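Please keep the sequence and the model in view while reading.

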Amino acid sequence: MKVTVRTRFAPSPTGHLHIGSARTALFNYLFAKKLGGQYLLRIEDTDQNRNVENAELGFIKWFEWLGLTWDEGPGVGGEYGPYSCMERLDIYQKHVDRLLAEGKAYPCYCTEEELEQEREALMAKNELPRYLGKCRTLTDEQRAAHEATGRKKTIRFRVPEDKFYKFNDMIRGEVEFDSNGIGDFVIVKSDGIPTYNFAVSVDDHLMQITHVARGEEHLTNTPRQLMIYEAFGWDVPTFAHLPLILNESGKKLSKRDQSIIQFIEQYAELGYLPEALNNFLVLLGWSPGGEQEIFSMDELVEAFSFDRVSKSGAVFDVDKLAWMNGQYIKAADLDRIVDMAVPYLQQAGYIGADYDRAFVTELVALFKDGMTAVSQIGELSAMFFTDEVAYDEEANAVLGEESAPTVLAAFRDKAQALEEFSADTIKAALKDVQKETGFKGKQLFMPTRVAVTGQTHGRDLNISLALLGREKVVSRIDALLDK
RNA sequence: GGCCCGUUGGAGAAGUGGCUUAACUCACCGCCCUUUCAAGGCGGCAUUCACGGGUUCGAAUCCCGUACGGGUCACCA
(Lines give C-alpha, C1' and ligand atoms only; values in the text may rest on other atoms or scores of the structure.)
Protein backbone atom coordinates (compact mmCIF):
# COMPACT_ATOMS: atom_id res chain seq x y z
CA MET A 1 0.00 0.00 0.00
CA LYS A 2 1.28 3.41 -0.86
CA VAL A 3 1.74 5.54 2.21
CA THR A 4 0.22 8.96 1.88
CA VAL A 5 2.29 11.92 2.85
CA ARG A 6 1.34 13.60 6.09
CA THR A 7 3.00 16.77 7.29
CA ARG A 8 2.28 19.02 10.19
CA PHE A 9 3.10 22.33 11.73
CA ALA A 10 3.31 22.26 15.51
CA PRO A 11 3.66 25.73 16.98
CA SER A 12 3.61 26.67 20.61
CA PRO A 13 0.81 29.10 21.29
CA THR A 14 2.75 32.24 22.04
CA GLY A 15 0.02 34.54 20.88
CA HIS A 16 1.05 35.79 17.49
CA LEU A 17 1.85 34.18 14.19
CA HIS A 18 5.49 34.85 13.41
CA ILE A 19 6.68 35.13 9.81
CA GLY A 20 9.12 32.29 10.37
CA SER A 21 6.32 30.07 11.58
CA ALA A 22 4.19 31.04 8.65
CA ARG A 23 6.98 30.10 6.28
CA THR A 24 7.54 26.73 7.95
CA ALA A 25 3.81 26.06 7.84
CA LEU A 26 3.74 27.09 4.18
CA PHE A 27 6.49 24.64 3.25
CA ASN A 28 4.73 21.80 5.05
CA TYR A 29 1.45 22.76 3.46
CA LEU A 30 2.85 22.95 -0.05
CA PHE A 31 4.70 19.68 0.25
CA ALA A 32 1.63 17.82 1.47
CA LYS A 33 -0.60 19.32 -1.18
CA LYS A 34 1.83 18.62 -3.95
CA LEU A 35 1.97 14.95 -3.07
CA GLY A 36 -1.74 14.70 -2.46
CA GLY A 37 -1.28 14.18 1.25
CA GLN A 38 -2.57 15.81 4.39
CA TYR A 39 -1.29 18.77 6.32
CA LEU A 40 -2.15 19.04 9.98
CA LEU A 41 -1.90 21.62 12.68
CA ARG A 42 -1.08 20.64 16.22
CA ILE A 43 -0.70 22.94 19.18
CA GLU A 44 2.46 22.36 21.19
CA ASP A 45 1.25 23.82 24.47
CA THR A 46 3.50 21.96 26.89
CA ASP A 47 5.02 25.07 28.38
CA GLN A 48 2.64 26.19 31.08
CA ASN A 49 4.59 29.35 31.70
CA ARG A 50 4.50 30.56 28.17
CA ASN A 51 1.04 29.65 27.12
CA VAL A 52 -0.92 32.74 26.38
CA GLU A 53 -4.61 32.89 27.02
CA ASN A 54 -6.56 32.40 23.80
CA ALA A 55 -3.35 32.47 21.84
CA GLU A 56 -4.55 29.52 19.88
CA LEU A 57 -7.47 31.46 18.52
CA GLY A 58 -5.17 34.26 17.47
CA PHE A 59 -2.85 32.45 15.24
CA ILE A 60 -5.44 30.11 13.90
CA LYS A 61 -7.16 33.17 12.56
CA TRP A 62 -4.01 34.30 10.80
CA PHE A 63 -3.30 30.92 9.31
CA GLU A 64 -6.75 31.09 7.83
CA TRP A 65 -6.09 34.56 6.55
CA LEU A 66 -3.02 33.23 4.75
CA GLY A 67 -5.06 30.40 3.34
CA LEU A 68 -2.92 27.75 5.01
CA THR A 69 -5.78 25.58 6.11
CA TRP A 70 -5.23 22.23 7.74
CA ASP A 71 -6.86 18.91 6.99
CA GLU A 72 -6.76 17.84 10.61
CA GLY A 73 -6.30 19.83 13.77
CA PRO A 74 -8.00 22.38 15.97
CA GLY A 75 -11.41 23.31 14.72
CA VAL A 76 -11.64 20.63 12.08
CA GLY A 77 -10.86 17.55 14.14
CA GLY A 78 -9.63 14.32 12.64
CA GLU A 79 -9.20 10.71 13.60
CA TYR A 80 -5.81 11.18 15.24
CA GLY A 81 -6.85 13.82 17.74
CA PRO A 82 -6.87 15.51 20.08
CA TYR A 83 -4.60 18.05 18.44
CA SER A 84 -3.07 19.85 21.36
CA CYS A 85 -0.59 18.43 23.83
CA MET A 86 -2.45 19.34 26.98
CA GLU A 87 -5.33 17.20 25.82
CA ARG A 88 -3.00 14.28 25.21
CA LEU A 89 -1.45 13.96 28.67
CA ASP A 90 -2.83 10.47 29.26
CA ILE A 91 -1.31 9.31 26.00
CA TYR A 92 2.13 10.55 27.00
CA GLN A 93 1.74 8.99 30.42
CA LYS A 94 1.28 5.53 28.90
CA HIS A 95 4.37 5.95 26.82
CA VAL A 96 6.45 7.22 29.69
CA ASP A 97 5.36 4.28 31.81
CA ARG A 98 6.50 1.92 29.13
CA LEU A 99 9.94 3.53 28.94
CA LEU A 100 10.20 3.50 32.71
CA ALA A 101 9.24 -0.17 32.87
CA GLU A 102 11.83 -1.04 30.27
CA GLY A 103 14.53 0.92 32.05
CA LYS A 104 14.90 3.30 29.13
CA ALA A 105 13.96 6.20 31.31
CA TYR A 106 14.36 6.92 35.00
CA PRO A 107 13.26 9.42 37.61
CA CYS A 108 15.69 12.17 38.49
CA TYR A 109 15.44 13.95 41.82
CA CYS A 110 18.03 16.61 41.26
CA THR A 111 16.85 20.10 42.07
CA GLU A 112 17.43 23.01 39.75
CA GLU A 113 20.04 24.35 42.15
CA GLU A 114 21.95 21.09 42.10
CA LEU A 115 21.88 21.01 38.33
CA GLU A 116 23.01 24.58 38.21
CA GLN A 117 25.94 23.77 40.46
CA GLU A 118 26.87 20.83 38.31
CA ARG A 119 26.83 23.03 35.23
CA GLU A 120 28.98 25.64 36.86
CA ALA A 121 31.45 23.09 38.13
CA LEU A 122 31.81 21.65 34.65
CA MET A 123 32.25 25.03 33.11
CA ALA A 124 34.86 25.92 35.70
CA LYS A 125 36.80 22.85 34.61
CA ASN A 126 36.31 23.93 31.04
CA GLU A 127 34.14 20.96 30.23
CA LEU A 128 30.91 21.14 28.40
CA PRO A 129 27.92 21.58 30.65
CA ARG A 130 25.62 18.58 30.62
CA TYR A 131 23.80 16.29 32.95
CA LEU A 132 26.22 13.68 34.22
CA GLY A 133 23.62 11.11 35.14
CA LYS A 134 23.64 11.34 38.89
CA CYS A 135 20.23 9.72 39.27
CA ARG A 136 20.87 7.18 36.55
CA THR A 137 21.90 4.46 38.93
CA LEU A 138 19.74 5.15 41.94
CA THR A 139 18.66 2.00 43.76
CA ASP A 140 15.03 1.34 44.55
CA GLU A 141 15.73 2.23 48.17
CA GLN A 142 17.27 5.54 47.27
CA ARG A 143 14.33 6.34 45.05
CA ALA A 144 11.90 5.41 47.75
CA ALA A 145 13.76 7.66 50.15
CA HIS A 146 13.54 10.58 47.76
CA GLU A 147 9.88 9.91 47.15
CA ALA A 148 9.28 9.86 50.89
CA THR A 149 10.68 13.34 51.28
CA GLY A 150 8.25 14.54 48.68
CA ARG A 151 11.02 15.76 46.47
CA LYS A 152 10.00 16.84 42.99
CA LYS A 153 11.20 14.67 40.18
CA THR A 154 11.61 14.72 36.47
CA ILE A 155 11.84 11.77 34.14
CA ARG A 156 14.99 11.50 32.12
CA PHE A 157 15.68 9.48 29.02
CA ARG A 158 18.62 7.12 29.29
CA VAL A 159 20.81 8.09 26.36
CA PRO A 160 22.67 5.11 24.85
CA GLU A 161 26.44 5.44 24.97
CA ASP A 162 28.83 5.29 22.05
CA LYS A 163 26.20 5.41 19.37
CA PHE A 164 25.92 7.48 16.27
CA TYR A 165 22.56 8.76 15.21
CA LYS A 166 22.32 9.31 11.51
CA PHE A 167 19.54 10.53 9.36
CA ASN A 168 19.06 11.74 5.86
CA ASP A 169 17.78 15.27 5.87
CA MET A 170 15.88 16.29 2.73
CA ILE A 171 17.74 19.57 2.71
CA ARG A 172 21.07 18.91 4.40
CA GLY A 173 21.73 15.35 3.31
CA GLU A 174 23.39 12.87 5.69
CA VAL A 175 23.67 14.27 9.18
CA GLU A 176 25.27 12.43 12.07
CA PHE A 177 25.46 12.97 15.82
CA ASP A 178 27.49 11.23 18.50
CA SER A 179 25.31 10.17 21.44
CA ASN A 180 28.20 10.83 23.84
CA GLY A 181 27.71 14.52 23.35
CA ILE A 182 24.19 14.32 24.66
CA GLY A 183 23.36 13.98 28.33
CA ASP A 184 20.29 12.15 29.61
CA PHE A 185 17.57 14.60 28.81
CA VAL A 186 14.32 15.34 30.55
CA ILE A 187 11.21 13.91 28.94
CA VAL A 188 8.78 14.75 31.72
CA LYS A 189 9.12 17.98 33.65
CA SER A 190 8.55 18.25 37.38
CA ASP A 191 5.07 19.57 36.71
CA GLY A 192 4.27 16.24 35.10
CA ILE A 193 4.05 17.61 31.60
CA PRO A 194 6.27 16.14 28.91
CA THR A 195 8.94 18.20 27.21
CA TYR A 196 8.79 19.17 23.58
CA ASN A 197 11.20 16.49 22.41
CA PHE A 198 9.16 13.74 23.91
CA ALA A 199 5.70 15.01 23.05
CA VAL A 200 6.65 15.81 19.50
CA SER A 201 8.05 12.34 18.90
CA VAL A 202 5.07 10.54 20.37
CA ASP A 203 2.61 12.77 18.55
CA ASP A 204 4.33 12.62 15.20
CA HIS A 205 4.38 8.86 15.37
CA LEU A 206 0.80 8.47 16.56
CA MET A 207 -0.46 10.95 14.00
CA GLN A 208 1.46 9.06 11.33
CA ILE A 209 3.44 12.05 10.22
CA THR A 210 5.72 11.03 7.36
CA HIS A 211 7.67 14.24 6.82
CA VAL A 212 8.78 16.80 9.35
CA ALA A 213 9.92 20.16 8.04
CA ARG A 214 11.00 22.65 10.67
CA GLY A 215 13.55 25.35 11.30
CA GLU A 216 17.24 24.63 11.49
CA GLU A 217 17.29 25.42 15.19
CA HIS A 218 15.72 22.00 15.65
CA LEU A 219 18.53 20.16 13.93
CA THR A 220 20.30 19.29 17.16
CA ASN A 221 17.04 18.08 18.67
CA THR A 222 16.74 15.45 16.02
CA PRO A 223 19.13 12.89 17.54
CA ARG A 224 17.14 13.01 20.78
CA GLN A 225 13.97 12.35 18.90
CA LEU A 226 15.68 9.58 16.98
CA MET A 227 16.54 7.96 20.31
CA ILE A 228 12.93 8.10 21.38
CA TYR A 229 11.79 6.55 18.15
CA GLU A 230 14.39 3.87 18.62
CA ALA A 231 13.32 3.19 22.19
CA PHE A 232 9.79 2.54 21.04
CA GLY A 233 10.83 0.71 17.90
CA TRP A 234 9.05 3.16 15.64
CA ASP A 235 9.76 4.10 12.07
CA VAL A 236 11.39 7.49 11.77
CA PRO A 237 9.82 10.21 9.64
CA THR A 238 11.82 12.04 7.03
CA PHE A 239 13.22 15.34 8.24
CA ALA A 240 13.85 18.61 6.48
CA HIS A 241 15.60 21.40 8.36
CA LEU A 242 14.87 24.74 6.79
CA PRO A 243 17.44 27.50 6.67
CA LEU A 244 16.93 30.26 9.19
CA ILE A 245 15.42 33.59 8.33
CA LEU A 246 17.95 36.28 9.17
CA ASN A 247 17.75 39.99 9.89
CA GLU A 248 19.95 42.50 8.07
CA SER A 249 22.83 41.76 10.38
CA GLY A 250 22.74 38.09 9.53
CA LYS A 251 21.37 36.92 12.87
CA LYS A 252 18.45 34.62 13.41
CA LEU A 253 15.28 36.63 13.62
CA SER A 254 14.45 37.01 17.26
CA LYS A 255 10.93 37.80 18.28
CA ARG A 256 12.19 40.89 20.01
CA ASP A 257 13.97 42.19 16.95
CA GLN A 258 12.69 45.67 16.26
CA SER A 259 14.21 46.11 12.84
CA ILE A 260 11.69 43.94 11.05
CA ILE A 261 7.97 43.58 11.34
CA GLN A 262 7.63 39.99 12.37
CA PHE A 263 4.03 39.07 12.86
CA ILE A 264 1.53 38.21 10.19
CA GLU A 265 -1.19 40.22 11.85
CA GLN A 266 0.95 43.34 11.59
CA TYR A 267 1.29 42.85 7.88
CA ALA A 268 -2.43 42.35 7.61
CA GLU A 269 -2.97 45.58 9.53
CA LEU A 270 -0.67 47.42 7.16
CA GLY A 271 -2.63 46.29 4.18
CA TYR A 272 -0.50 43.49 2.85
CA LEU A 273 -2.21 40.84 0.79
CA PRO A 274 -1.93 37.25 1.99
CA GLU A 275 -0.94 36.06 -1.47
CA ALA A 276 1.95 38.49 -1.49
CA LEU A 277 3.14 37.34 1.91
CA ASN A 278 3.00 33.68 0.91
CA ASN A 279 4.79 34.40 -2.32
CA PHE A 280 7.50 36.37 -0.57
CA LEU A 281 7.92 33.86 2.24
CA VAL A 282 8.22 30.88 -0.06
CA LEU A 283 11.14 32.56 -1.79
CA LEU A 284 13.00 32.77 1.50
CA GLY A 285 15.18 29.71 1.25
CA TRP A 286 13.43 28.13 -1.71
CA SER A 287 13.87 28.94 -5.32
CA PRO A 288 11.83 27.69 -8.25
CA GLY A 289 14.84 27.50 -10.53
CA GLY A 290 13.22 29.22 -13.47
CA GLU A 291 12.74 32.91 -14.02
CA GLN A 292 9.23 33.18 -12.69
CA GLU A 293 8.89 34.82 -9.30
CA ILE A 294 5.24 35.61 -8.93
CA PHE A 295 3.32 32.45 -8.15
CA SER A 296 -0.27 31.73 -7.29
CA MET A 297 -0.89 29.24 -4.52
CA ASP A 298 -1.78 26.57 -7.09
CA GLU A 299 1.42 27.22 -8.98
CA LEU A 300 3.40 26.95 -5.78
CA VAL A 301 1.85 23.62 -4.95
CA GLU A 302 2.88 22.48 -8.40
CA ALA A 303 6.41 23.87 -8.25
CA PHE A 304 7.50 23.27 -4.67
CA SER A 305 10.04 20.69 -3.63
CA PHE A 306 12.52 20.35 -0.79
CA ASP A 307 15.47 19.65 -3.01
CA ARG A 308 15.31 23.23 -4.19
CA VAL A 309 15.56 24.58 -0.65
CA SER A 310 18.96 26.05 0.14
CA LYS A 311 21.08 25.26 3.14
CA SER A 312 22.13 28.75 4.05
CA GLY A 313 20.12 31.34 5.92
CA ALA A 314 18.06 33.91 4.04
CA VAL A 315 18.02 37.58 4.91
CA PHE A 316 14.54 39.04 5.15
CA ASP A 317 14.46 41.83 2.58
CA VAL A 318 11.78 44.33 3.47
CA ASP A 319 12.11 46.11 0.13
CA LYS A 320 11.44 43.02 -1.84
CA LEU A 321 8.37 42.22 0.23
CA ALA A 322 7.11 45.73 -0.46
CA TRP A 323 7.69 45.28 -4.16
CA MET A 324 5.98 41.91 -4.09
CA ASN A 325 2.96 43.35 -2.31
CA GLY A 326 2.84 46.19 -4.80
CA GLN A 327 2.69 43.67 -7.61
CA TYR A 328 -0.24 41.94 -6.00
CA ILE A 329 -2.06 45.16 -5.27
CA LYS A 330 -1.67 46.22 -8.85
CA ALA A 331 -3.05 42.91 -10.08
CA ALA A 332 -5.90 42.81 -7.57
CA ASP A 333 -9.49 43.80 -8.34
CA LEU A 334 -10.07 47.47 -7.72
CA ASP A 335 -13.08 46.70 -5.57
CA ARG A 336 -11.08 44.52 -3.25
CA ILE A 337 -8.49 47.25 -2.72
CA VAL A 338 -11.25 49.79 -2.18
CA ASP A 339 -12.70 47.56 0.53
CA MET A 340 -9.31 47.35 2.15
CA ALA A 341 -8.69 51.09 1.82
CA VAL A 342 -11.95 52.27 3.37
CA PRO A 343 -10.99 51.51 6.99
CA TYR A 344 -7.76 53.46 6.67
CA LEU A 345 -9.59 56.45 5.27
CA GLN A 346 -12.19 56.23 7.98
CA GLN A 347 -9.59 55.90 10.65
CA ALA A 348 -7.87 59.01 9.37
CA GLY A 349 -11.21 60.75 9.62
CA TYR A 350 -11.29 61.45 5.89
CA ILE A 351 -14.53 59.65 5.22
CA GLY A 352 -17.42 58.61 7.37
CA ALA A 353 -19.58 55.54 7.58
CA ASP A 354 -21.74 56.78 4.75
CA TYR A 355 -18.91 57.56 2.37
CA ASP A 356 -19.24 58.13 -1.35
CA ARG A 357 -18.19 54.83 -2.84
CA ALA A 358 -17.75 56.20 -6.34
CA PHE A 359 -15.40 58.91 -5.11
CA VAL A 360 -13.37 56.53 -2.96
CA THR A 361 -13.12 54.13 -5.87
CA GLU A 362 -11.69 56.84 -8.08
CA LEU A 363 -9.33 57.84 -5.34
CA VAL A 364 -8.06 54.30 -4.86
CA ALA A 365 -7.81 53.80 -8.60
CA LEU A 366 -5.55 56.83 -8.78
CA PHE A 367 -3.08 55.36 -6.28
CA LYS A 368 -3.52 51.64 -6.72
CA ASP A 369 -0.62 51.05 -9.06
CA GLY A 370 1.81 52.94 -6.93
CA MET A 371 1.09 51.53 -3.52
CA THR A 372 3.24 49.08 -1.71
CA ALA A 373 0.78 48.58 1.14
CA VAL A 374 -2.88 49.58 1.21
CA SER A 375 -2.41 51.49 4.48
CA GLN A 376 -0.47 54.04 2.45
CA ILE A 377 -3.76 55.28 1.06
CA GLY A 378 -4.12 57.50 4.10
CA GLU A 379 -0.92 59.41 3.66
CA LEU A 380 -1.20 59.36 -0.11
CA SER A 381 -4.63 60.91 -0.18
CA ALA A 382 -4.25 63.29 2.74
CA MET A 383 -4.17 66.28 0.41
CA PHE A 384 -7.69 65.50 -0.71
CA PHE A 385 -9.08 66.02 2.73
CA THR A 386 -7.20 68.90 4.26
CA ASP A 387 -7.86 72.58 3.79
CA GLU A 388 -4.37 73.78 4.42
CA VAL A 389 -1.56 72.53 2.25
CA ALA A 390 1.85 72.38 3.83
CA TYR A 391 4.82 73.13 1.61
CA ASP A 392 8.18 71.67 2.50
CA GLU A 393 11.56 72.87 1.36
CA GLU A 394 11.43 71.01 -1.90
CA ALA A 395 7.95 72.30 -2.62
CA ASN A 396 8.95 75.87 -1.90
CA ALA A 397 11.88 75.55 -4.24
CA VAL A 398 9.50 74.68 -7.04
CA LEU A 399 7.14 77.50 -6.13
CA GLY A 400 10.07 79.86 -6.15
CA GLU A 401 10.75 79.18 -9.82
CA GLU A 402 10.13 82.21 -11.99
CA SER A 403 7.44 80.47 -14.02
CA ALA A 404 5.35 79.71 -10.95
CA PRO A 405 3.38 82.94 -10.41
CA THR A 406 2.58 83.36 -14.09
CA VAL A 407 1.54 79.77 -14.60
CA LEU A 408 -0.51 79.63 -11.43
CA ALA A 409 -2.36 82.86 -12.11
CA ALA A 410 -3.18 81.78 -15.62
CA PHE A 411 -4.28 78.34 -14.59
CA ARG A 412 -6.37 79.69 -11.75
CA ASP A 413 -8.40 81.82 -14.15
CA LYS A 414 -8.81 78.99 -16.61
CA ALA A 415 -9.91 76.62 -13.87
CA GLN A 416 -12.41 79.14 -12.62
CA ALA A 417 -13.86 79.62 -16.07
CA LEU A 418 -14.08 75.94 -16.92
CA GLU A 419 -17.62 74.85 -17.58
CA GLU A 420 -16.93 71.32 -16.49
CA PHE A 421 -14.07 70.52 -14.12
CA SER A 422 -12.84 67.12 -15.29
CA ALA A 423 -9.53 65.48 -16.09
CA ASP A 424 -10.05 66.14 -19.78
CA THR A 425 -10.97 69.81 -19.47
CA ILE A 426 -8.14 70.36 -17.00
CA LYS A 427 -5.74 68.88 -19.46
CA ALA A 428 -7.01 71.25 -22.13
CA ALA A 429 -6.80 74.18 -19.75
CA LEU A 430 -3.20 73.40 -18.96
CA LYS A 431 -2.51 73.26 -22.67
CA ASP A 432 -4.01 76.72 -23.02
CA VAL A 433 -1.86 77.98 -20.16
CA GLN A 434 1.15 76.68 -21.99
CA LYS A 435 0.22 78.59 -25.15
CA GLU A 436 -0.55 81.70 -23.24
CA THR A 437 2.49 81.82 -20.98
CA GLY A 438 5.03 80.03 -23.08
CA PHE A 439 5.98 77.77 -20.15
CA LYS A 440 5.83 74.08 -20.76
CA GLY A 441 6.94 70.77 -19.33
CA LYS A 442 8.38 70.90 -15.88
CA GLN A 443 7.94 74.66 -15.62
CA LEU A 444 4.28 74.29 -16.36
CA PHE A 445 3.31 71.20 -14.44
CA MET A 446 5.46 71.31 -11.39
CA PRO A 447 4.22 74.63 -10.02
CA THR A 448 0.66 73.51 -10.59
CA ARG A 449 1.23 70.13 -8.99
CA VAL A 450 3.07 71.52 -6.01
CA ALA A 451 0.74 74.46 -5.44
CA VAL A 452 -2.31 72.25 -5.29
CA THR A 453 -0.98 69.03 -3.77
CA GLY A 454 2.01 70.28 -1.85
CA GLN A 455 4.02 67.43 -3.31
CA THR A 456 6.68 67.11 -5.96
CA HIS A 457 5.80 63.51 -6.60
CA GLY A 458 2.41 62.04 -7.21
CA ARG A 459 0.08 60.34 -9.58
CA ASP A 460 -1.67 61.64 -12.66
CA LEU A 461 -2.08 65.39 -12.26
CA ASN A 462 -5.24 65.86 -14.30
CA ILE A 463 -7.13 63.16 -12.46
CA SER A 464 -5.81 64.35 -9.12
CA LEU A 465 -7.04 67.89 -9.75
CA ALA A 466 -10.40 66.73 -11.02
CA LEU A 467 -10.88 64.57 -7.96
CA LEU A 468 -9.83 67.42 -5.71
CA GLY A 469 -12.53 69.64 -7.21
CA ARG A 470 -12.48 73.13 -8.51
CA GLU A 471 -13.04 74.77 -5.20
CA LYS A 472 -10.01 73.32 -3.46
CA VAL A 473 -7.80 73.79 -6.49
CA VAL A 474 -8.68 77.43 -6.92
CA SER A 475 -8.55 78.33 -3.27
CA ARG A 476 -5.15 76.73 -2.80
CA ILE A 477 -3.74 78.66 -5.71
CA ASP A 478 -5.35 81.85 -4.42
CA ALA A 479 -3.85 81.33 -1.01
CA LEU A 480 -0.42 81.13 -2.58
CA LEU A 481 -0.90 84.04 -4.93
CA ASP A 482 -2.05 86.27 -2.10
CA LYS A 483 1.20 85.87 -0.26
C1' G B 1 34.53 25.90 24.22
C1' G B 2 32.10 20.90 22.19
C1' C B 3 28.92 19.34 18.42
C1' C B 4 26.35 20.54 13.92
C1' C B 5 25.65 23.67 9.63
C1' G B 6 26.81 27.26 6.10
C1' U B 7 29.94 30.83 2.72
C1' U B 8 28.04 32.88 -5.53
C1' G B 9 27.06 40.96 -6.33
C1' G B 10 24.00 45.45 -1.11
C1' A B 11 19.50 41.40 -0.65
C1' G B 12 16.86 36.80 -2.57
C1' A B 13 19.23 33.41 -5.82
C1' A B 14 20.36 30.10 -10.65
C1' G B 15 24.43 27.08 -11.28
C1' U B 16 25.65 19.75 -9.31
C1' G B 17 33.19 19.03 -13.89
C1' G B 18 33.29 21.78 -20.20
C1' C B 19 26.93 24.81 -23.13
C1' U B 20 29.08 30.41 -17.77
C1' U B 21 32.98 35.91 -21.21
C1' A B 22 28.14 33.32 -13.71
C1' A B 23 20.57 33.32 -15.33
C1' C B 24 16.63 35.81 -13.05
C1' U B 25 14.29 39.16 -9.11
C1' C B 26 14.61 43.30 -5.41
C1' A B 27 17.53 47.61 -4.34
C1' C B 28 20.77 51.16 -6.68
C1' C B 29 22.48 54.07 -11.10
C1' G B 30 21.61 55.74 -16.08
C1' C B 31 18.63 56.20 -20.60
C1' C B 32 13.82 55.95 -23.26
C1' C B 33 8.59 56.94 -23.08
C1' U B 34 5.41 60.56 -20.86
C1' U B 35 4.83 68.67 -22.24
C1' U B 36 5.12 67.26 -15.09
C1' C B 37 4.87 62.97 -11.68
C1' A B 38 4.30 57.91 -11.47
C1' A B 39 3.82 53.33 -13.92
C1' G B 40 6.25 50.86 -17.95
C1' G B 41 10.40 49.72 -21.39
C1' C B 42 15.72 49.39 -22.05
C1' G B 43 20.60 49.19 -20.22
C1' G B 44 24.54 49.27 -16.26
C1' C B 45 25.89 46.97 -11.64
C1' A B 46 30.46 39.67 -9.51
C1' U B 47 36.60 39.18 -15.37
C1' U B 48 34.63 36.06 -10.71
C1' C B 49 32.18 32.40 -7.02
C1' A B 50 35.45 33.63 1.44
C1' C B 51 40.81 32.35 1.21
C1' G B 52 44.95 28.80 0.37
C1' G B 53 46.36 24.27 -1.51
C1' G B 54 45.28 19.90 -4.34
C1' U B 55 42.65 16.41 -8.11
C1' U B 56 41.72 17.14 -13.50
C1' C B 57 43.15 18.39 -20.28
C1' G B 58 39.41 21.55 -17.76
C1' A B 59 36.48 23.55 -11.09
C1' A B 60 31.91 28.26 -8.58
C1' U B 61 31.00 23.00 -9.20
C1' C B 62 35.26 17.23 -6.43
C1' C B 63 39.03 16.74 -2.03
C1' C B 64 41.90 18.91 2.11
C1' G B 65 43.07 22.96 5.23
C1' U B 66 42.29 28.04 7.02
C1' A B 67 39.18 32.17 7.87
C1' C B 68 34.59 34.12 8.70
C1' G B 69 29.35 33.64 9.82
C1' G B 70 25.38 31.03 12.06
C1' G B 71 22.66 27.26 14.97
C1' U B 72 22.69 24.41 19.40
C1' C B 73 24.36 22.78 23.97
C1' A B 74 17.27 24.02 29.40
C1' C B 75 12.46 20.92 33.80
C1' C B 76 11.67 26.55 25.93
C1' A B 77 9.66 25.06 21.97
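This is a predicted model: local features need pLDDT of at least 70, side-chain atom pairs count only at pLDDT 80 or more; totals for chains, interfaces and linings use all residues.

**A covered helix, a helix pair and an RNA strand**

Helix α9, residues 274-282, is mostly covered, with eight of its nine residues buried. The buried residues of α9 are Glu-275, Ala-276, Leu-277, Asn-278, Asn-279, Phe-280, Leu-281 and Val-282.

A pair of helices comes next. Two packed helices are described by the angle between their axes and the distance between the axes. For helix α16, residues 403-417, and helix α18, the axes come within 9 Å and cross at roughly 70°. Because angles of 65 to 115 degrees count as roughly perpendicular, α16 and α18 are roughly perpendicular to each other. From α16, Ser-403, Ala-404, Val-407, Leu-408 and Phe-411 take part in the contact, and they meet Gln-443, Leu-444, Pro-447, Thr-448 and Ala-451 of α18. By class, this contact has seven nonpolar and three polar residues, and no charged ones.

Two or more residues of the surface near RNA strand B are given by each of the elements α4 (112-124), β6 (173-178), β11 (314-315), α11 (318-331), α17 (423-437) and α18 (442-453). Among these elements, α18 gives the most, with five residues. Sorted by class, the surface near RNA strand B has 26 charged, 22 polar and 19 nonpolar residues.

Definitions and conventions. Residues are numbered from 1 along each chain as its sequence is written. Chains are lettered from A and ligands numbered from 1 in the order in which they are written. Helices (H or I, at least four residues) and strands (E, at least two) are DSSP runs, numbered from the N terminus. Ala, Val, Leu, Ile, Met, Phe, Trp, Tyr, Cys and Pro count as nonpolar, Asp, Glu, Lys and Arg as charged, and the others, Gly among them, as polar. Axes are lines fitted to C-alpha atoms, for helices over the stretch in contact, and angles run from 0 to 180 degrees between N-to-C directions. Angles under 35 degrees count as roughly parallel, over 145 as roughly antiparallel, 65 to 115 as roughly perpendicular and the rest as oblique. Two residues are in contact if their C-beta atoms, placed from the backbone, lie within 7 Å. A residue is buried if 20 or more other C-beta atoms lie within 10 Å of its own, exposed if 12 or fewer, and partly exposed in between; C-beta atoms are placed from the backbone.
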